[in-house]
Amino acid sequence: MPKDHAALLRANTDVPFEQARAMPPEVYTSEAFMQQELEHIFARDWYCVGRASALSNVGDYVSLDLAGQPIVVLRDREGDLRAMSNVCLHRMSTLLHGRGNTRSIVCPYHAWTYNLDGSLRGAPAMTLNEGFCKDQYKLPQARCEEWLGWVFVSLNPDAAPVAEELRQVETMVAGYDMTNYTENFFEEHVWDTNWKVLAENFMESYHLPVCHAGTIGGLSKLEDMVCPPGLPAFNYHTILKDDQLRIAMAHPNNTRLKGDERRTTFLLAIYPSLLITLTPGYFWYLSLHPVSPGRVHIRFGGGMSDDYKDDPDAQQNFADLKTLLDDVNVEDRGCTEKVYRGLCSAMAAPGHLSHLERPNYDFAQYLNKRISEGKGA
Amino acid sequence: MAKDTVDAAAALRLTTARSFDQAMAMPPEVYISDAFLELELEHIFRAEWFCVGRASALANAGDYTTLDLAGQPIIVLRDRDGNLRAMPNVCLHRMSTLLEGRGNTRSIVCPYHAWTYNLDGSLRGAPEMAKNSEFCKGDYKLDQIRCEEWLGWVYVTLNADIAPVAEQLAPLEQMIAPYGMENYVETFFSEHVWDTNWKVLAENYMESYHLPVCHNGTVGPFTDLARVDCPEGHPHFNIHWFTKEADLAIGNAHPDNTTLQGVQRQTSALVSIYPSHMVTLTPGYFWYLSLQPEGPGRVRMLYGGGFDPHFANDPGVREYDEALQTLLDEVNLEDRGCTEKVYRGLSSGLARPGHLSHLERPIYDFARYINARVSGVPRAS
């Protein structure tokens with residue numbers, strides 16, 4: 001009889017924070033548990049595909065797989081963002097791949113061609129099929145919403161709107177004016193670890209001094225980290241940064257942020273898997289999706305606040321920052337892949353959490369809620 | 001049970017039911033099947049002793065080596081009391097692996113959050129944990145894994161009940177006593193991965209039938225198959241003997257070596273300690289492999305060697321070492337070619353096992369050992 005991983009997680013999360021432990025290894029390594037995550041989390045919650053500015057022109061598109069469903073997100077002729085099934089209505093090939101701009105969606109198999117709203121524009125050599133009627137064909141639509149410059153999609157028709165779920169985030173970081181951050185890099189990667197290991201790595205800064213000893217570890221002071229309790233749809237912690245990195249500070253033109261806020265970095269973990277480092281001057285983010293228990297697909301992007309757009313050195317500063325981020329990511333990759341190797345060992349057992357791992361505790365509570373509600377449904 | 005497991009295990013049972021004078025090679029399925037590999041991991045690699053190398057590589061307090069044994073990351077180290085210890089290489093906090101590769105350390109510091117362990121596995125300290133009311137440093141200690149030293153070798157096992165190494169290998173210890181293997185000095189060590197099944201490489205080591213052909217560019221021409229002796233194997237090892245006028249000075253006993261007598265001075269022992277520790281023990285030098293599977297078609301090997309103390313202390317040892325390593329590199333290249341060709345052949349739909357030569361006696365014994373383990377025959381002590 002297979003182990004009940006959901007029951008293990010339930011027992012693990014059924015303790016107060018002051019006694020918390022890391023999640024049990026099985027929730028990271030089990031294929032069956034990942035299937036539950038796909039069903040009850042990735043097919044139900046909002047998933048971030050990136051920044052709206054990457055889809056600013058008509059015909060700009062990005063493709064992705066969400067819980068096994070190929071999706072295309074694009075800017076249609078009315079200027080609206082749309083998400084649709086990226087699967088042809090004929091012999092079910094996927095349609096678009098990667099990112100780009102297109103005038104119409106042409107299937108690479110038999111050239112069935114769709115308009116940007118998903119309606120079928122034409123299909124060659126179909127007139128002899130009496131049942132075929134072009135107008136009856138339209139790609140199924142998925143939900144797609146924009147919030148503070150982010151593009152989210154969901155396969156769940158009943159999901160509450162993003163702006164409603166994340167209202168508290170919006171209030172909390174209002175002074176940053178996140179809508180006005182412009183993305184200037186975007187990359188996709190796959191690492192050999194579980195998606196939750198990478199998410200948890202982002203949620204806590206307890207690892208910075210050690211894991212990042214070669215880069216930012218020396219600048220990280222554990223006593224300057226604040227880890228408040230999380231909320232239902234997200235958790236966060238903050239770090240006060242000193243002015244060694246100018247672009248992490250509020251620009252002099254920014255009069256919205258006051259006092260310590262001007263040097264406060266927010267680390268936002270929006271469930272399930274959008275992780276944003278938001279500083280007053282720049283931001284970067286990860287959006288994660290499992291490929292398998294031991295592999296995670298990563299959408300990685302970032303850029304600067306428009307407060308800096310007329311600043312002569314800002315772009316160079318950001319280019320330097322990107323080099324640093326790449327080095328930091330190499331360290332995070334090392335640590336998170338080591339964790340996955342450890343998790344796969346028969347002798348792995350979860351230890352207690354530090355108060356600096358509060359967000360991890362909250363994340364485990366969220367996962368448990370989704371999985372047990374999903375199973376109960 | 002999955003169909004291919006049944007088929008592979010059943011096919012092996014038929015093969016190993018034959019008497020030696022009608023013996024055949026093992027069926028292809030036992031080399032290429034994922035399900036059979038799972039049986040091997042469970043009944044062999046998680047159940048038997050595995051050699052991690054020479055104790056002399058872990059001579060000083062804090063010397064360590066790391067390995068994965070059947071998926072379990074392990075540290076082997078010399079602790080402050082001078083004892084060898086093996087422990088899971090997995091942090092007790094968020095379960096990262098701890099140490100990498102080989103080296104020397106004063107303590108074990110997790111690379112993730114700096115939880116720090118003493119060399120006995122007890123937790124020395126963990127930053128920022130005071131606010132977790134359940135956390136008690138004294139409750140945390142890395143589990144201990146069995147670790148034993150025998151004739152200079154270090155073995156570990158995940159099996160709490162297996163008999164000690166020295167007990168299992170007592171007959172072997174007697175047979176090779178004149179060589180004084182415990183005093184051989186390791187001079188080189190490295191790790192490699194080849195694209196073949198671990199048993200193909202193990203079997204390649206066990207028989208010298210292939211030397212004249214596979215090794216015709218190196219040691220083949222020095223090989224006289226008439227001087228190979230393949231006695232029946234034992235429950236925990238097999239051995240065959242090879243007598244030759246060595247092509248290298250170091251192949252025969254050193255002039256100062258008075259322990260080895262007569263034909264022994266030109267005789268090498270080729271020892272296969274089950275499941276996967278292979279030692280070529282010559283009067284002057286030794287080299288070894290310790291194998292484990294990384295998938296049916298890949299084998300990870302620990303590879304090392306060195307000299308008997310007479311040669312090790314000889315002023316010419318650096319030259320000898322260079323000559324030996326050069327020769328072995330060439331020999332290994334030939335073995336890699338042969339064993340990877342075998343795996344390609346085994347993977348083919350039309351592959352069928354043929355009869356074994358009397359010079360392949362150790363392979364017959366090895367197949368019977370594998371069959372006994374995976375079919376759960378009680379182990380001989």
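1. In this predicted model, strands S2(A) and S3(A) form a hairpin, with two residues between them. Ala67(A) sits in that turn and has a positive phi of about 50 degrees. S2(A) covers residues 60-66. The two strands run antiparallel and are joined by six bridges. Within the pair, Leu64(A) stands opposite Ile71(A) of S3(A).

2. S3(A) continues into a second hairpin, this time with S4(A). Here five residues lie between the strands. Gly79(A) is in the turn, and its phi is positive at about 85 degrees. S4(A) spans residues 81-85 and runs antiparallel to S3(A), with five bridges joining them. Arg75(A) stands opposite Leu81(A) in S4(A).

3. S3(A), residues 69-75, therefore deserves a check for burial, since a residue with 20 or more other C-beta atoms within 10 Å of its own is buried. Five of the seven residues in S3(A) are buried, and the strand is mostly covered.

4. Now the seven-stranded sheet of chain A. Its order is S11-S17-S16-S15-S14-S13-S12, and the sheet is open. The pairing is antiparallel. S11(A), residues 181-191, and S12(A), residues 225-226, are the edge strands. Each of them pairs on one side only.

5. S15(A) has a neighbor on each side in that order: S16 and S14. S14(A), residues 264-270, runs antiparallel to S15(A), and five bridges join the two. Leu268(A) has Ile276(A) as its bridge partner in S15(A). A hairpin through three residues links S14(A) to S15(A).

6. On the S16(A) side, S15(A) makes five bridges in the antiparallel sense. Leu278(A) is partnered by Phe283(A) of S16(A). These strands also form a hairpin, with three residues between them.

7. S16(A), residues 282-292, then pairs with S17(A), residues 295-305. The sense is antiparallel, over 10 bridges. Ser287(A) has Arg299(A) in S17(A) as its bridge partner.

8. Which strands does helix H8 of chain A lie across? The answer is S11, S16 and S17 of chain A. H8(A) covers residues 314-343 and runs at about 25 degrees to S11(A).

9. Last, the contact between chains. Chain A contributes 30 residues and chain B contributes 25. On the chain B side that touches chain A, 12 residues are nonpolar, eight are polar and five are charged.

Conventions:
Residues numbered from 1 in each chain as written. Chains lettered and ligands numbered in written order. Predicted model: local features only at pLDDT ≥ 70, side-chain atom pairs only at ≥ 80, totals over all residues. Buried ≥ 20, exposed ≤ 12 C-beta atoms within 10 Å, placed from the backbone. Helix = DSSP H or I, 4+ residues; strand = E, 2+ residues; numbered from the N terminus. Pairing = 2+ DSSP bridges. Contact = placed C-beta atoms within 7 Å. Axes fitted to C-alpha atoms, helices over the stretch in contact; angles between N-to-C directions. Nonpolar A, V, L, I, M, F, W, Y, C, P; charged D, E, K, R; others polar.
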